[in-house]
Amino acid sequence: MGNRASGLHVRIRQVAPIPIDADLRCGPGEVLALVGPSGSGKSTILRCIAGLHAPADGRITCGSEVWFDGEAGVRRSAGMRRVGLVFQSYALFPHLTALDNVREGMDDPDAASARGAARALLARVNLSGLEHRLPRQLSAGQQQRVAMARALARDPAVLLLDEPFSAVDRVTREKLYGELAGLRRDLNMPVILVTHDLDEAVMLADAMTLVSHGRTLQYGTPLEVMHRPVSAEVARLVGLRNVFAGSILAHDRQRGSTFVAWEGHRLEVALRDRIPIGTRVSWAVPSSGVLLMARDRPAGPLDNLIEARVGRLVHLGDQVRVVAWVDNEVSRPMSLAVPRHLAERYALAEGASLRLRLRGDAIHLMPGE
Amino acid sequence: MDWPALLLSLELAGATIAVLLPAGIWLGRALAWRQFRGKALVESLLALPLILPPTVLGFYLLVAMGGASGLGRAYSAMTGRTLTFSFEGLLVASVVFNVPFAVQPIQRAFEAVAPEVREAALVCGMSRWRLLRRIEIPLAWPGILSAAVLMFAHTLGEFGVVLMVGGNIPGETRTIAIAIYDRVQAFDTGAAGVMSAILLFVSLGAITLSYLTASRFGGLRRG
């Protein structure tokens, strides 16, 4: 089955039917989350890896095997690639029992040992006793487990999971997360998990690649990508609401600060003296870096005080999501999350003026758009 | 009651199914999943026997199989017999007028198989033969059975084409539909009635079997 030591390397380029410009890599035993909004091309990338779609150009290698090479004309069929694929819809064979579904995933389903091996795989995904049920007699979570067992049946060189948790309820999903986390300890192949859920990526993946409009935008650990986005586009994709444009005003190495000009404000952020003065930058601050400030309290180091007016209040359980218009300008909305009791203490109401504290150490600088 | 005519009809229906069903599976599957230029024209040609008047179809088949045609001459040279007014000629005609009944239900059935189920089978590394045998045919089974039942019932009942191509030769080309006509012409309404009733019940039984199987397998297909 080839040398798995160097993992999976994927480079895909195509213009139609949907534009793809993707580079990704995934080591043996590593779980790589492919994260992006719906329609971003994640599933197409997965189909290219599985051999169900041939891109216009690129190269896909797994260990020492070349699965696809646009220039050299190499195009190995899906069956010859030895991938395990869990489809979003699971795509179980509806007329076959759970046991036979898993058996059909094996190299030799008719071998004497196949039934026993399929039983063992079903036991591994906690489905003992349900071997003879048809897919329609199983719950969505059980179907997902059958699909997982079938994907593992060939001892695949790569395991591909296409939004495998999207069709199950929350309780089942939590349970399946735990099962996958347990299962992956024994998996020594690259695992690619397609998801649009960042939390899922944080929980299950060692690394993630962010995809948008068919392009891979950033690779890193999930927390790295979420906290250190490389561009304003990535920042928005990982859910940062407060992304703005400014320019570098000055560096003060003694204070350990860099100053950013933004809409007449002078924001003090942690020192980034490699960025030349005058450079246009994008800056982002997570909601957690924007705090309400009592007017009588003095500002601390790297605190940036900003006057704003409450534009919108949304009550979400114990939290109140506040959109404040900085300098009373609708074009400068700043999002922050305030605990409900604090919102009550500050008597937050739409139209009320408030002072915000932007924590300079939470402000992240990126190249300008 | 003309038992030889009923037997001949059953033989003709069986032979038609034996010839046309494998071809129908191949054609229906190809039409379901392949896109090619001129597909609409091919589909129209295959559906043509549905709307063509039986006498018109019969006339063209008579010309195509007659002694003056290449096919007719080749058959005569090989067997020393004429293709028209023979059981074999009737079988050729029966295959032609049954094409839409064979292809269309099978095509619809293959179209209804979820593409990702086939893709899952490909990813599993199944050979084409195993994919067809283990996945595609079992899932398209209701359509295949429908096609067989429709072919059977249609062959038993076809009159115009059979009369044009085969005439009314007892034991050779006289099918039960022709026999009913023959009995009515001879004012033997008793025999015509018995044979009509047999045809009615055989057809009803076949259609019922098709519906029953389709509903049973329908549940499986929905997974």
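1. What share of the contacts in chain A with a separation of 6 or more comes from residues 24 or more positions apart? Such residues account for 65% of these contacts. The structure is a predicted model, and the points below should be read with that in mind.

2. Chain A has 369 residues, of which 41% count as buried. Along the principal axes, the C-alpha atoms of chain A fill a box of roughly 80 × 50 × 35 Å.

3. One sheet of chain A deserves attention. Five strands, in the order S14-S13-S12-S15-S21, form an open sheet with antiparallel pairing. At its edges lie strand S14 (265-270) and strand S21 (364-367) of chain A, each of which pairs on one side only. On average, neighbouring strands of this sheet are turned by 45° against each other, direction ignored.

4. Strand S12 (residues 242-252) of chain A pairs with strand S13 (residues 257-262) of chain A in the antiparallel sense, over 5 bridges. Ile248(A) has Val260(A), in S13(A), as its bridge partner.

5. The contact between the chains takes 20 residues from chain A and 18 residues from chain B. On the side of chain A that touches chain B, the elements that give two or more residues are helix H2 (78-81) and strand S7 (83-86) of chain A. By class, this side of chain A has 12 nonpolar, 4 polar and 4 charged residues.

6. In chain B, helix H1 (residues 3-33) packs against H9(B) at an angle of about 150°, and their axes are 8 Å apart. Because angles over 145 degrees count as roughly antiparallel, H1(B) is roughly antiparallel to H9(B). Ala5(B), Leu6(B) and Ser9(B) of H1(B) make the contact with Ile176(B), Ile178(B) and Ala179(B) of H9(B). The residues of this contact divide into 5 nonpolar, 1 polar and no charged.

7. Which residues of helix H9 (residues 176-185) of chain B are buried? They are Ile176(B), Ala177(B), Ile178(B), Ala179(B), Ile180(B) and Arg183(B). Just after H9(B), Phe187(B) takes a positive phi of about 60°.

Notes. Residues numbered from 1 in each chain as written. Chains lettered and ligands numbered in written order. Predicted model: local features only at pLDDT ≥ 70, side-chain atom pairs only at ≥ 80, totals over all residues. Buried ≥ 20, exposed ≤ 12 C-beta atoms within 10 Å, placed from the backbone. Contact = placed C-beta atoms within 7 Å. Helix = DSSP H or I, 4+ residues; strand = E, 2+ residues; numbered from the N terminus. Nonpolar A, V, L, I, M, F, W, Y, C, P; charged D, E, K, R; others polar. Pairing = 2+ DSSP bridges. Axes fitted to C-alpha atoms, helices over the stretch in contact; angles between N-to-C directions. Parallel < 35°, antiparallel > 145°, perpendicular 65-115°, else oblique.
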